[in-house]
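Okay, thanks for making time, everyone.

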Amino acid sequence: MTTVPPPHLVKRPGPVRKLNRTVDERFGTQAGLRRNLNKVFPDHWSFMIGEIALYSFIILVLTGIYLTLFFDPSNTEVVYNGSYVPLKGVEMSRAYASTLDISFDTRAGLVFRQIHHWAALLFVASIVVHLMRVFFTGAYRKPREVNWLIGVGLLVLGILEGFAGYSLPDDLLSGTGLRIAASIAQSIPVVGTWASFLVFDGEWPGQNFIPRLYVVHILLVPGILLALIGAHLGILWHQKHTDFPGPGKTEHNVIGHRVFPVFAAKSSGFFMLVFAMLALLGGLAQINPIWSFGPYDPGNVSSASQPDWYIGFLDGSTRLFPPWEFRGLGHTVPAVFWPTLILPGILFTLLALYPFLEARFTGDTESHNLLQRPRDAATRTGFGAMAISFYLVLWISGGNDVIAKTFDISLNAMTWAGRIGCIIVPPIAYSITKKICIGLQGRDHEIAEHGIETGIIHQLPSGEFVEAHRPKLPPVADHRRVPTDRVAVGSGDQTANARSGLARRAGKAVTGFFVEEEEQGGQPNADDAPDQPAGTKH
Amino acid sequence: MSKQDDDTPGTGHPADDGGSIFDRAKHPVKPSGEPAGGGADARTRGPELKQGRDDGSERLGTPPHQTDSTRAPATVLLAEAGERGVEVRPPHAEEIDRRAERRAERLVAFWFIVSVVGTVGFIVTNFVGDKQAEYYTPCMGGALAMAMGGIGFGIILWAKRLMPHEEAVQERHPFASPAEEIAATEETVALGYADTGLARRPLVRRTLLGAGTVLGGLLVVPLLNLTNSKPGKQLDHTRWVSGARLVTGEGNLVKLGDMAIGGIETVFPAVPVTEANGTVRYEPKVTLHDKADSATVLIRLAPGENHPRPGREDWAYAGHVAYSKICTHAGCPVSLYEAQTHHLLCPCHQSVFNVLDGCRAIFGPASRSLPQLAIDVDKDGYFIARHDYTEPVGPAFWERS
Amino acid sequence: MSDMTASVGAARASVRRRRRSSAVVLLVALAATGVLWAAFAPRGTAQDTADANEAVRAGRALYLQGCSSCHGVNAQGGNQAPSLVGVGSAAVDFQVGTGRMPLAAPGAQAKRKDPIYDQTQIDQLAAYVGSLGGGPKKPVITSAALDDADLAHGGELYRANCAQCHQATGAGAPLTYGKYAPDLGKATPTQIVEAMRTGPESMPVFGPGQIDNADATAIAKYVRHLSEAPSAGGDALGKYGPVPEGLLAWLVGIGGLLAVCLWIGARQKV
């Protein structure tokens, strides 16, 4: 740690300082700016997964703007006369023709179109991974339930936005997807036909549907996404990030790097790397080659018509669901209604309500800033594994035709395997995961009580063999520890700083994972824990 | 106070180092804590992808629970409050540090230059490259990845190798406000509400509530304006009419004998139009909308293979049968026809229909048979529809019985 | 188990007996047809006829050696294999030329493999089976005809008639119970037209009344284009659409970025 000279006002400011003062005279930014520059973010790698989603979104906006400059969202029929020979003279909508033009006749068009599509896949995928991280570490617990809800909303909107984008080019694949979407809307009891007619403006394929979809895709949903992402980050910023328990970490502090400069540098570098990854994918791996699918024609279809991966689980559930159509009293509830609307409705509702359900069943009303390891919440981890395995069975079934063809399996066998699998795999996953977690907990207890096995065997005078155990050591940090504010303002502040600084923190320093065990036992009072460096008592 | 214990354990016990118990068994540590297997590397084990160079090794995948992964503070003693950190350095540390730093600087600069190369490459490819060439998009993507990735790697290496590492500690403050704050706020709102007089003036309150509710009705307007086309009976009918000829997507009218046994053809209605002079012509051009619900498959079976449903004995003609192409499940065109088993498979959700048995659904999520189109041959030898489908085609809906 | 085999064997034997009697009838009929054909068939030059006869004779020798164990000595078919009378030379050229016949092992569907006969032998076999009468003849597709064919029109026809099974990119797709529409990557233009005309296995027949020769050639041209044209925008990922795309997004995209996260989060020892 270097000493910092006491602050004094530089008399002849450089341009940066000048700008800072100009802004400050108008908005009074200094205290807030300093506070935010000094904000501490914990270092764990898994806390960066959410950033992938954020950066993918930014890249989606950037590439999306480029694409809107060339895309023509119109149903009007034209005869294609661009440079892609195999479609010359074919009738198609202007939306499709302009997508071909973006792909073949626009500089950097295809690469940005492909980056846009890859970024969409990665956006939803990283939201899912981030969600799993938050779920399995219990980061959604009080006081962060609202951010969990916003996150679930972002996931659902991300899926919708992706589907809208997939549907825009009006190629054979997207048209097939929309046809199914219209059937799903039509399947809703009582209001189904009206819903379908309102959304598509008439009987499928509707009148001028693409401009409508375009507004949803580039204005409505992205606007909501942007607002929700802002709220998500704002709440995160305000509530401070959670952290894993560790040396010196308590429920009442955050330890890590400050925003400026290290965290900001790493994050902006990471943004560049996410962009680089997407540029590589967009350049080297073809995605959604609409020119080989051809323009949409309601009489045509291609086999292996698949949605993008995030819709795959719904495609799978639809494939697996038995032909149960309810008829009676002159009305019908089609089979397609249950796996495409009811099932995701239940899944996303359960997901959204999980923090509240857990709080209710465990009776945990405390606020938590320290995370749990998955093993320490065995039931939750079991539920998570159950949900993931169920999702995976549906997801695999969504691509069961491609899998059947690739691995030479009967399609019908795949369907039946999925039908049986989605019922029996999740409970098995639950019980196995829970057992593993409890086993790992047992191992931790073992180490805590007897120390770590050294592999060294001693023979006692009695002839008995014993293995030597080494006591578990109290944890230590390996970096310089610094107070947050490098430059203290005023003497009064300085004492306050000292009071709330290291001296007090050290008093609260937590050692060992015993704190967590106490939390498990319903005694989540980390404050009282630190005075017993239990590991050293052996 | 236990602070001493927490902060200065560093002398004797280097390696209680995360990792599994198996790792520990493989690299036993003496009870004193010194690694028995030799090698100072005992403490850098763990999930490591990249062994360090001289300027320090990296630990990939910081274990989630750091209490279980004590690191040896061999070189750094933690700073006390208000004191400066005392660092115990090995001999020549200054020299080693300086060299490592210079190496790191060069590495960072290298990546920044990679980025410049990428950007230049992107711009050059963009303007000079041939848009239709196979190399164009991969080169653009690769160059952009260099441009972005160069800066990304450079910045991160800079942050990791050249910026000081720290453990900054920040207090968290409870979010709940003090009781008096809450009381004051609640009181403010209560007083304000009293000022409005809503509690005392039920007439104002009720009419406001009523007006607000009625105002909600405005939502219906934009919603219903989304379409001018009411569902009505639209879903019950298709473009097929009595006497409409069967025309292919290419615009060819289908004649008896055009198709071989085992053949399949997608057909649409060519609706008869009576001209002013009384002649009848058939409109071969089918719009997108008519295609969407009128698409029909015409299949020619070998004589005697078809098992017509009761009452539909004359709906086929000389082994030719016609069924709606729109799946009764989710509306995809069902058209994977297996000529040997006479199964029609839907590519979207894999419903299977048996053509010989009136296109009954025999596998997958579809529960209804494909509707059959009654066909005949007119005096010129062209296939015609006898009438429209007798039931709604395509996916089911609430109003359908 | 052995009981079952025995009873199945008995059933097969009775079927065989019946087949044999019908084969006799068929032979008589064939002989009569042959005599009539010989009487009324148009005469080519003497040399052509001699060549053709030679090919038929050689083809029959090959047939007896390689095919007769399943299809029967006189191509009348057996309980494992269909009759070849009336299938035409196009079917032989397609089945043997794509290596599907002779069948290695019975399965849901014959797989494409390297042909075991050379083209001369295949032509001789085709000539023999063709001489049994009926069926579509092996099409002749000249490179000039391919060059003249309308690629875009072929594409439209392909999407209307072929894509539902073989997929828009020609990569193939599964059918029910282990059958599948094969990948068209290796199919030659002649084989494509042969398959349309003869409808091998599960494939429907697309006769000249439905798709005339010019259109069929255009479709063949489009299919060749699908497998030969350079893929714009990088690797085509097996031409299987969103499934491999999703897999790549997860394995490379998410996997790679998680590795980057690990690297950034890794501690630099100071």
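So, let's start in chain C: C:Pro102 sits in the loop that runs between α4 (88–97) and α5 (119–131) of that chain. The peptide bond that joins C:Met101 to C:Pro102 is cis, with omega at about -5°. Keep in mind that this is a predicted model.

Chain A has a cis bond for us too, between A:Trp204 and A:Pro205, and there omega is about 5°. Where is A:Pro205? In the loop between α8 and α9 (209–239) of chain A.

Let's stay in chain A and step back to the pair of helices α7 and α8. Helix α7, residues 172–186, and helix α8, residues 192–200, have axes that come within 7 Å and cross at roughly 140°. Antiparallel would take an angle over 145°, so α7(A) counts as oblique to α8(A). Who makes the contact? From α7(A) we get A:Ala182, A:Ala185 and A:Gln186, and α8(A) brings A:Gly192, A:Thr193, A:Ala195, A:Ser196, A:Val199 and A:Phe200. Sort the residues of that contact by class and you have five nonpolar, four polar and no charged.

Now look at the loop between those two helices, α7 and α8 of chain A, and you'll find A:Val190. Its phi is near 70°, which is positive, and this residue isn't a glycine.

You'll find B:Ala318 in the loop between β6 (296–300) and β7 (320–324) of chain B. B:Ala318 has 11 other C-beta atoms within 10 Å, so it is exposed.

Last stop, the place where chain C meets chain B. That contact takes 30 residues from chain C and 37 residues from chain B. On the chain C side, α8 (163–166), α11 (242–265) and β3 (267–268) each supply at least two residues. Which element gives the most to that side? That's α11(C), with four residues. And by class, the side of chain C that touches chain B has 15 nonpolar, 11 polar and four charged residues.

That's my tour; happy to go back to any of these spots.

Terms used:
Residues numbered from 1 in each chain as written. Chains lettered and ligands numbered in written order. Predicted model: local features only at pLDDT ≥ 70, side-chain atom pairs only at ≥ 80, totals over all residues. Axes fitted to C-alpha atoms, helices over the stretch in contact; angles between N-to-C directions. Parallel < 35°, antiparallel > 145°, perpendicular 65-115°, else oblique. Contact = placed C-beta atoms within 7 Å. Nonpolar A, V, L, I, M, F, W, Y, C, P; charged D, E, K, R; others polar. Buried ≥ 20, exposed ≤ 12 C-beta atoms within 10 Å, placed from the backbone.
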